[in-house]
Number of protein chains: 2
Amino acid sequence: MSEHSPLDLAEGDPFGPHNLPYGVFTTADEPERRRLGVRIGGYVLDAGAAAHALGSPYATLLAQPSLNPLLAAGRTAWRDVRRALTAWVTVPAHRADIEPLLHPLDAVTLHLPYEVADYVDFYASEHHATNVGRMFRPDGDALTPNWKHLPIGYHGRAGTVVVSGTDVVRPSGQRKAPTDAAPVFGPSVKLDIEAEVGFLVGTPSELGRPVALGDFQEHVFGLTLLNDWSARDIQAWEYVPLGPFLGKSFQTSVSAWVTPLEALDAARTAPPARDFPLLPYLDDAAAEEPGGFDVRITVEINGEAVAEPPFSTMYWTAAQQLAHMTVNGASLRTGDLYGSGTVSGPEVGQRGSLLELTWNGRDAIELAGGKRTFLEDGDEVVLTAWAPGPDGTRVGLGEVRGRIVPSA
Amino acid sequence: MSEHSPLDLAEGDPFGPHNLPYGVFTTADEPERRRLGVRIGGYVLDAGAAAHALGSPYATLLAQPSLNPLLAAGRTAWRDVRRALTAWVTVPAHRADIEPLLHPLDAVTLHLPYEVADYVDFYASEHHATNVGRMFRPDGDALTPNWKHLPIGYHGRAGTVVVSGTDVVRPSGQRKAPTDAAPVFGPSVKLDIEAEVGFLVGTPSELGRPVALGDFQEHVFGLTLLNDWSARDIQAWEYVPLGPFLGKSFQTSVSAWVTPLEALDAARTAPPARDFPLLPYLDDAAAEEPGGFDVRITVEINGEAVAEPPFSTMYWTAAQQLAHMTVNGASLRTGDLYGSGTVSGPEVGQRGSLLELTWNGRDAIELAGGKRTFLEDGDEVVLTAWAPGPDGTRVGLGEVRGRIVPSA
């Protein structure tokens, strides 16, 4: 065994061989050649080169500039490739072949690892929806009458989903305070985050054929953290009656790493008890596996933790969202991405948006660098997360980082 | 000159050399080989083969299985290719080369001619929005306060945009009448159409950089008819607060033919007078060219005309919609498609949806085959349209056809 091998990970490394998320990277000497990589500790393994070196039958699937071919290959291939990768990074006999194919993370550039087909965003946290309802409909019920009968969702802009690290240009648009006679135009003054978990579809489905609740794992490849940047002032003026549009469509940031579903088997957890009986296509009471995931998110602004949203508290599960999204016969494509909606827990410190943390700007939060209601130019937001892995390990999700730059 | 040449068109043919829309076709003997075609009369010209035969510099751009490379090539290329095509089908010296490359329309299969990137749907007819507002918000103002300040829009599902001729599987979903205690699940009982004009983006734009009103023609390649099938019962229960989702996402049908913007120069028309001053990024009072298009749509159900929606009456123009869609910095991609929203004129017979034609099912319309409120299984809907062309000609838009089949 070599000394100081990149494969000798520190005890408790959340990117150990129990995780193995996928990404796409380039190196400085070949900036045009995108390659599939797998993260192990602080390194990325060139997956195509490894498959070639070890004579793997998956060499073609892994020697690709994007994750999409693997996504499209289906669940059996996902499982077999993961099994092979696990062997490559854990079996001592492979070390000599694998070690030269490991690149330190700080020596590579990470790219959006898949082409997004359709992007859908849900609204699945009861705490988030209740907070928003209280703020914007103070005289009505906090939740709309449909909320506990179906996972509310809407389509977002797939073309502006970007990889972690991409700057966020402050969006301009119309806003109108209730007391203003007419709307004004300018850079958003209520630029916000939404801490979410995203689900990436691999296996497509046929037009006209709903996907059953129990087929979630046949279609969904893995998870990503997701920040659905939101301009609250633009959104408030535009969203009645057809929903959010420009208040959201300027940018959505996702992790550079996609964590395979299989890595999260130990993080499965039961969703909250349901207040209403669900229609059969959404009823998960008898599901083989609990539909929730115990993913623990941390939101940092300029290096300071401001919230710890617990994904386990989401009312609607990702499997229910998939079943709902297709129950009308809408087909899935490889690369479809759907966000959970803002993750907010019952406690104040568990809220996944500044809208909720500052109660729409009423209560500023104190940061070392000064007070904040919404984001200022130059602010950097980082989402990180982990989930319980096998045998007491932690499974890290790839971070989502973004810095606000002034309006063009 | 050959006798009975396919290039000798009948007087007034709306698909004459002044039109030349683009499509993608296959022939029975080579069902896997998709080819770019240009419609002339009742024929489709194999554009790649023609370019090759005539030694055109555009042979590579036209010998493609999809319109996307031409879309991405930009306005100068669009103009030059169109000029070349016009010469090929009009200059007698080319006849001998061109005629063998013409396939009768009924001998080919037409396909969706481009890959849709993002799909956005607007809500730009004042008459339609007023009718809907009166039906669903009888106690409030028909138009929401934002309606005349910005073109309201939302993202739809790009993956379920299909070519004319594709059957429509009746969607199932939740619905709840106000008097019901809980939602019920089943096939939609209010399946409807929305007659629209779609605009197809060719030239992409950069993230963070709005597209100005005056740059419409640099980015938009052409037009298509569009039927945004809608399940009114599903939509009514789901759409508050985040907008339409499953009530729309099951299918959107578009023409097999894309009409280049240039073919519609003579159809340009001024939009209606604006009731409010518009913010500068939307203000088209000083625009070089009027932003409207005089496209005259006919809606047929089972062969019987039920409405003639006039696109010239739309309050918001396609250029304003493009400027609005990008004003927050959202980027455009080649293949982005946006619908105008239902086209309804001021007269009852000009309404582009059954929702309006039957006033949400209250007033059935009489067809030869029986009364209709919403669509029945087996019904076939066809949208056709034409616009004024140069010198008194008519420019035909490709039809959009769809037949309702029962829920799976």
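**Figure 1. Asp294(B) reaches over to Arg296(B) in this predicted model.** The two side chains make a polar contact at 2.6 Å. Asp294(B) sits in the loop that runs between strand E19 (292–293) and strand E20 (296–301) of chain B. Setting aside neighbours within four places in sequence, Asp294(B) is in contact with Ala267(B), Thr269(B), Ser312(B), Trp386(B), Ala387(B) and Pro388(B).

**Figure 2. Arg232(B) is a buried arginine with polar partners.** You'll find Arg232(B) in helix H8 of chain B. Its relative accessibility is 6%, so Arg232(B) counts as buried. The side chain of Arg232(B) makes a polar contact with the side chain of Asp192(B) at 2.8 Å, and another with the side chain of Gln235(B) at 3.3 Å. Not counting residues up to four places away in sequence, Arg232(B) also touches a set of residues that includes Lys190(B), Ile193(B), Glu194(B) and Lys248(B). Ser353(B), Leu355(B) and Phe374(B) are among the residues it touches too.

**Figure 3. Glu366(B) sits out in the open on strand E23.** Strand E23 covers residues 365–367 of chain B. With a relative accessible area of 56%, Glu366(B) is exposed, since exposed means over 50%. Beyond its neighbours within four places in sequence, Glu366(B) is in contact with Glu304(B) and Lys371(B).

**Figure 4. Gly42(A) is a partly exposed loop glycine.** Gly42(A) lies between strand E2 (30–40) and strand E3 (43–46) of chain A. Its relative accessibility comes out at 38%, so Gly42(A) counts as partly exposed. Leaving out neighbours within four places in sequence, Gly42(A) is in contact with His103(A), Pro104(A) and Leu105(A). Pro6(A) is 36 residues from Gly42(A) in sequence, and 7.8 Å from it in space, C-alpha to C-alpha.

**Figure 5. Helix H6 of chain B, from its start to its packing partner.** At the start of H6(B), a side-chain oxygen of Ser125(B) comes to within 3.3 Å of the backbone nitrogen of His127(B). Along the helix (residues 126–136), the buried residues are His128(B), Ala129(B), Thr130(B), Asn131(B), Val132(B), Gly133(B) and Met135(B). What do the buried residues of H6(B) pack against? They pack against helix H11 (354–357) of chain B.

**Figure 6. Helix H10 of chain A is wrapped up by the rest of the structure.** Nine of the nine residues in this helix (residues 318–326) are buried, so H10(A) is largely enclosed. Among those buried residues are Gln320(A), Gln321(A), Leu322(A), His324(A) and Met325(A). Within chain A, the buried residues pack against strand E6 (119–122), strand E13 (195–201), helix H7 (216–219), strand E14 (220–227) and strand E22 (337–339). The other chain joins in as well: helix H9 (246–249) of chain B is also a packing partner.

**Figure 7. Where chain B meets chain A.** Each chain brings 56 residues to the contact. Together the chains bury about 5,200 Å², with 64% of that on carbon and sulfur atoms. On the chain B side, Arg157(B), Leu242(B) and Phe245(B) lose the most area to chain A, together 15% of what that side buries. Two salt bridges turn up across the interface. Arg157(B) forms a salt bridge with Asp336(A), where the closest N and O atoms are 2.9 Å apart. There are also 22 residue pairs in polar contact across the interface. Strand E7 of chain B gives four residues to the side that touches chain A, the largest share. By class, that side has 33 nonpolar, 17 polar and six charged residues.

**Figure 8. The rotation that relates chain B to chain A.** Which residue of chain B comes closest to the rotation axis? Gly243(B) does, with its C-alpha at 2.0 Å. Both copies use the same surface, as 100% of the contact residues of chain B recur in chain A.

How values were computed: Residues are numbered from 1 along each chain as its sequence is written. Chains are lettered from A and ligands numbered from 1 in the order in which they are written. This is a predicted model: local features need pLDDT of at least 70, side-chain atom pairs count only at pLDDT 80 or more; totals for chains, interfaces and linings use all residues. Side-chain values use heavy atoms; hydrogens and water are left out. Buried means under 20% relative accessible area, exposed over 50%, partly exposed in between (1.4 Å probe, protein chains only). Helices (H or I, at least four residues) and strands (E, at least two) are DSSP runs, numbered from the N terminus. Contact means heavy atoms within 4.5 Å. A polar contact is a pair of N or O atoms within 3.5 Å; within protein, one must be able to donate a hydrogen and the other to accept it, and residues adjacent in sequence count only if both atoms are side-chain atoms. Buried area is the accessible area (1.4 Å probe) that two parts lose on being put together, summed over both. A salt bridge is a side-chain nitrogen of Lys or Arg within 4 Å of a carboxyl oxygen of Asp or Glu. Ala, Val, Leu, Ile, Met, Phe, Trp, Tyr, Cys and Pro count as nonpolar, Asp, Glu, Lys and Arg as charged, and the others, Gly among them, as polar. Copies are superposed by least squares on the C-alpha atoms of residues with pLDDT of at least 70 in both.
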